[in-house]
Amino acid sequence: MRTAVGTAGTAGTAGTAGTETPAGDTPGDTEGAVDAARSRSITDWRPEDEVFWAETGAGVARRNLVFSVLSEHIGFSVWSLWSVLVLFLGPEYHVDAAGKFTLTALPTALGAVLRLPYTFAVARFGGRNWTMVSALLLLVPTVLAGLVLRPGVSYGTLLAVACAAGVGGGNFASSMANINAFYPQRLKGWALGVNAGGGNLGVPVVQLVGLLVLATAGAAHPRLVPLVYLPLIVLAALGAALRMDNLTSLRSDRRALREVAGEPHSWVMSLLYIGTFGSFIGFGFAFGQVLQVQFHQQFDTPVKAAYLTFLGPLLGSLVRPLGGRMADRWGGARVTLWTFAAMAAGTGVVLVASQQKSLPMFLTGFVALFVLSGIGNGSTYKMIPAIFQAGARIAVAAGADKETAERDSRRRASALIGLAGALGAFGGVLVNIAFRQSFLGVGDGDAAYWAFLATYAVCCAVTWVVYLRPRVGPMPGV
């Protein structure tokens, strides 16, 4: 049996726009994929077809996943750059603790805003093409940070440059929307978990880079941190250009956002993602500052805080694929429910530790929150395609065309990944604002911890009521 991967090519090549090039018909094409020298546009993509997937699809999808993870990883590092750089801002920069929380909140906010247009940039320009562009855009905040970071720079300049780092936050949404379209439903939890987990690892990696600079060059050389990333950004863009593909089936999508905006499940999933990913990215940006402010005697220098700031984000990133796997096996809603219950318990541990000023208990509780938020990230993203896949099954049972229903399911899932990703990232902004106001108002983080505990309790209740409570009538198989 011949399996077809369509290729949109240029004049003089084997494929032309709107035609299909059969896999294996081109000499030397060992994957049955698109010739790297051509436009790398795939017009026929059927991941739910098991024969297609085994003969051609799996290899093509895996290759795109690898280079998607690389670009997203560097994007996360640039996005969270200022969680590291604020540790270098000593008294000579004249920025207080509240000002530093603002410097980490701004890139979080811009990254959240950019996630919606980045999601639909994949449909407009193609996954490969947009990965190249979005990678090259990362040069802007890294070069700017390398130029302005010196004593005497105005706080307004720091705010503007920190805000520019938000472009790194948009990479996640476009990457997830792209990879979601490559994989079959049965593997989406794993694939999205690997893609997101590999990207999330950019947070602890940039913090380790910051620790290395602090431990070797010292706090007087913050500009070395962004400069490390310049060649890596170029490498990510080059890898996307040479090894990734565009799926033309995504490029006809214009109505998906309007469709998912009218779907109540979209807003429920956005709330749940605020609780999981919002916690992960918010804690990742704020943790080093929280240690320095709340346990100043133990962390009186930036390097002491840097020794620990990477640990929680590292573990949270590594377990994200595990959250996807658990959701594949037991269902995303069930895993998400127990994750929120455990996050509420972990927050209680942090609150008690804060009141008793117990650093070991505080670190234990916070690391648990990072790990649990990583698991919840994987399980909630598994729920998104499952919701629309269930809708597709209902539509087919009612007489709709199966191929059309599955295509609509994929494009709506991609749209919701962008919407939920954007709103979820705003959770990171809220985390930093909560810490800022708590330390300004009462001198510690206790008010913020109470707010987090209440949020997790609400998310736990919503998950049970909407997806797990016994009821009459069809519910998404999440």
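**Exercise 1.** Determine which residues have the most contacts inside the largest nonpolar core, and how many residues this core has.

*Solution.* In this predicted model, the largest nonpolar core has 82 residues. Phe 362 and Phe 435 are those with the most contacts inside this core. Leaving aside residues up to four places away in sequence, Phe 362 touches, among others, Phe 287, Val 290, Leu 291, Val 350 and Tyr 449. Another core, of 39 residues, lies apart from the largest one; Ala 135, Val 209, Leu 211 and Ala 306 are among its members.

**Exercise 2.** Classify the aromatic pair formed by Phe 283 and Phe 452, and state which helices hold the two residues.

*Solution.* A search of the whole structure gives 32 aromatic pairs. In the pair of Phe 283 and Phe 452, the centres are 5.4 Å apart and the planes stand at 70 degrees. Since planes over 60 degrees apart count as edge-to-face, this pair of Phe 283 and Phe 452 is edge-to-face. Phe 283 belongs to helix 13 (residues 264–294) and Phe 452 to helix 20 (residues 446–468), so the pair ties together parts 169 residues apart in sequence.

**Exercise 3.** Decide whether Phe 283 and Phe 452 are buried or exposed.

*Solution.* The cut-off for buried is under 20% relative accessible area. Phe 283, at 1%, is therefore buried, and Phe 452, at 9%, is buried as well.

**Exercise 4.** Classify the pair of Phe 435 and Phe 452.

*Solution.* The ring centres of Phe 435 and Phe 452 lie 5.4 Å apart with the planes at 75 degrees, so the pair is edge-to-face. Phe 435 is in helix 19 (residues 402–442) and Phe 452 in helix 20, so parts 17 residues apart in sequence are tied together. Both Phe 435 and Phe 452 are buried.

Note on methods:
Residues numbered from 1 in each chain as written. Predicted model: local features only at pLDDT ≥ 70, side-chain atom pairs only at ≥ 80, totals over all residues. Heavy atoms only, no water. Phe/Tyr/Trp six-rings, centres within 6.5 Å; stacked < 30°, edge-to-face > 60°. Helix = DSSP H or I, 4+ residues; strand = E, 2+ residues; numbered from the N terminus. Buried < 20%, exposed > 50% of the residue type's maximum accessible area, 1.4 Å probe, protein only. Core = buried A, V, L, I, M, F, W, Y, C linked by side-chain atoms within 4.5 Å. Contact = heavy atoms within 4.5 Å.
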